[in-house]
Amino acid sequence: MAKNKNFTFESLVPTGKATENVATNPANNILNAIQDSGPSTKVTFDCPNELVEQMKDYGYWEGMSQKDIIIEALGVFFEDKKIKERPEKVKMRKKVGRKPKALKAFMS
């Protein structure tokens, strides 16, 4: 015979208690400020295996995604830097690399 199981679900709507805990962590404040700053770009790059493994281990134990770790690290790195913008001529250069799949289908 099947057992009668009762399941309960916590509310999916955030409560004030959950947001208070997130707001008190300064790392989360940096991360939220950076992520809320506008549109994003997908980036692909090579990284030493040792650093990738450290990032995965840290993310597992801290409950962070690799994306969050990299965004936070970049935010902390650039905090005290003075950065000049690239000239418009450089910004407007033709992009190098693969064409998006949608463009390939359109051009064929």
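Student: How many aromatic pairs does the structure hold?
Tutor: The structure holds two aromatic pairs. Y60 and W61 form one of them, with 4.8 Å centre to centre and 90 degrees between the planes. This is a predicted model, in which local features need pLDDT of at least 70 and side-chain atom pairs count only at pLDDT 80 or more, while totals for chains, interfaces and linings use all residues. Residues are numbered from 1 along each chain as its sequence is written, and side-chain values use heavy atoms, with hydrogens and water left out.

Student: What makes Y60 and W61 a pair, and why is the pair called edge-to-face?
Tutor: Rings of Phe, Tyr and Trp (its six-membered ring) pair if their centres lie within 6.5 Å; planes under 30 degrees apart count as stacked, over 60 as edge-to-face and the rest as tilted. At 4.8 Å, Y60 and W61 therefore pair, and 90 degrees makes them edge-to-face. Both Y60 and W61 are exposed.

Student: How do you know which class F77 and F78 belong to?
Tutor: The ring centres of F77 and F78 are 5.0 Å apart and their planes 80 degrees, so this pair is edge-to-face as well.

Student: What makes K81 a charge over the ring of F77?
Tutor: K81 lies over the face of F77, 4.3 Å from the ring centre. The rule asks for NZ of Lys or CZ of Arg within 6 Å of the ring centre and within 35 degrees of the ring normal, so K81 at 4.3 Å is inside the distance limit.

Student: Why is the contact of K81 with D80 called a salt bridge?
Tutor: A salt bridge is a side-chain nitrogen of Lys or Arg within 4 Å of a carboxyl oxygen of Asp or Glu. The closest N and O atoms of K81 and D80 are 3.6 Å apart, so the pair qualifies. K81 is partly exposed at 39%, whereas D80 is exposed at 63%.

Student: How many salt bridges are there in the whole structure?
Tutor: There are three. K91 forms one with E85, at 2.5 Å between the closest N and O atoms, and one with E88, at 3.9 Å. K91 and E88 are three residues apart in helix α5 (residues 88–91), which means about one helical turn between them.

Student: What makes up the secondary structure of the protein?
Tutor: The protein has six helices and zero strands. Helices (H or I, at least four residues) and strands (E, at least two) are DSSP runs, numbered from the N terminus. Of the 108 residues, 8% count as buried.

Technical notes
Buried means under 20% relative accessible area, exposed over 50%, partly exposed in between (1.4 Å probe, protein chains only).
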